[in-house]
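Please look through the model below before reading my points.

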Amino acid sequence: MVFIDIYIFVLGLILGSFFNVVAIRLLKKESIAFPSSHCPHCKHKLSVFDLIPAFSFLFLKGKCRYCKVKISPLYPFGELLTATSFFVVYTFVGFQLELIPALILTVLLVISVLTDIREQLILDVVTLPMLGVLLISRLFIGSEPFWYYLAGGVVGFVLLLVIAIASRGGMGGGDIKLYAAIGVALGPWLTVMSLVLASFAGAVVGGILLLTGVVKRKQPIAFGPFIFIGTIAAYLFGFDIWNWYTSFW
């Protein structure tokens, strides 16, 4: 079991490195396959030793080996986020069929976080194919009938659409489609909880950033990281959270 735990974490690190590339290149509307990995500043092709997830950043002291320009900390962040997410999801879901939609959802959330932090965009080119894959997986995998997960997708889409209309553009189209995919993965009830938890996390962190002067009033901040937190928490602990909450009634 320890070997599998290590394998899952290392796999997450490797995939996280690839997801960084996916996020950056799709935002730039470039191919994710060509050219090979290179420094975005000096364009020098990176060697194997420059591409070791997380560790290369530490060994190089956060600077390109060739031009000495600082490397964005979002690179190791994406790698560690993916590795940690994979490990946590695997630990709580276990080695069963449900792990398939769980990891598909995790991949979608991680890439959405990476694009949202960089450009405050959640890309349809990522979300829509992953939505299709989640729909297919829910045809065969799940403790509830397929219509339940389909209803979750409708609930997620409609909820975010209503919020977007009410806020007059405060919620983007990317968030709406992302929540349709989240709904397919979680079903209707946990999808609502995901949004509640994401909003709560966003309000707390946003309030702290305002009080500390890191952001200014009306300055937009990426909601993707909070969607990630709310969705993972709802997926893994949603019913436990609900039972805890109702215990005070």
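**Notes on the helices**

1. Start with α7. Its buried residues are Gly 174, Asp 175, Ile 176, Leu 178, Tyr 179, Ala 180, Ala 181, Ile 182, Gly 183, Val 184, Ala 185 and Leu 186. Buried means under 20% relative accessible area, with exposed over 50% and partly exposed in between (1.4 Å probe, protein chains only).

2. This is a predicted model: local features need pLDDT of at least 70, side-chain atom pairs count only at pLDDT 80 or more, and totals for chains, interfaces and linings use all residues. Residues are numbered from 1 along each chain as its sequence is written, and side-chain values use heavy atoms, leaving out hydrogens and water.

3. Helix α7 covers residues 173-186. Helices here are DSSP runs (H or I, at least four residues), numbered from the N terminus. Of the 14 residues in α7, 12 are buried, so the helix is mostly covered.

4. What do the buried residues of α7 pack against? The partners are α4, α5 (124-140), α6 (146-166), α8 (188-211) and α9 (224-246). Contact means heavy atoms within 4.5 Å. Gly 187 follows α7 and has a positive phi, near 85°.

5. Now take helix α3 (residues 74-93) and helix α4 (residues 99-119). Their axes come within 10 Å and cross at roughly 155°. Axes are lines fitted to C-alpha atoms, for helices over the stretch in contact, and angles run from 0 to 180 degrees between N-to-C directions. The two helices are therefore roughly antiparallel (over 145 degrees).

6. Among the residues that meet are Phe 77, Leu 81 and Val 89 in α3, and Leu 103, Val 110 and Ile 117 in α4.

Terms used:
Angles under 35 degrees count as roughly parallel, over 145 as roughly antiparallel, 65 to 115 as roughly perpendicular and the rest as oblique. The expected span of a helix is 1.5 Å times one less than its number of residues.
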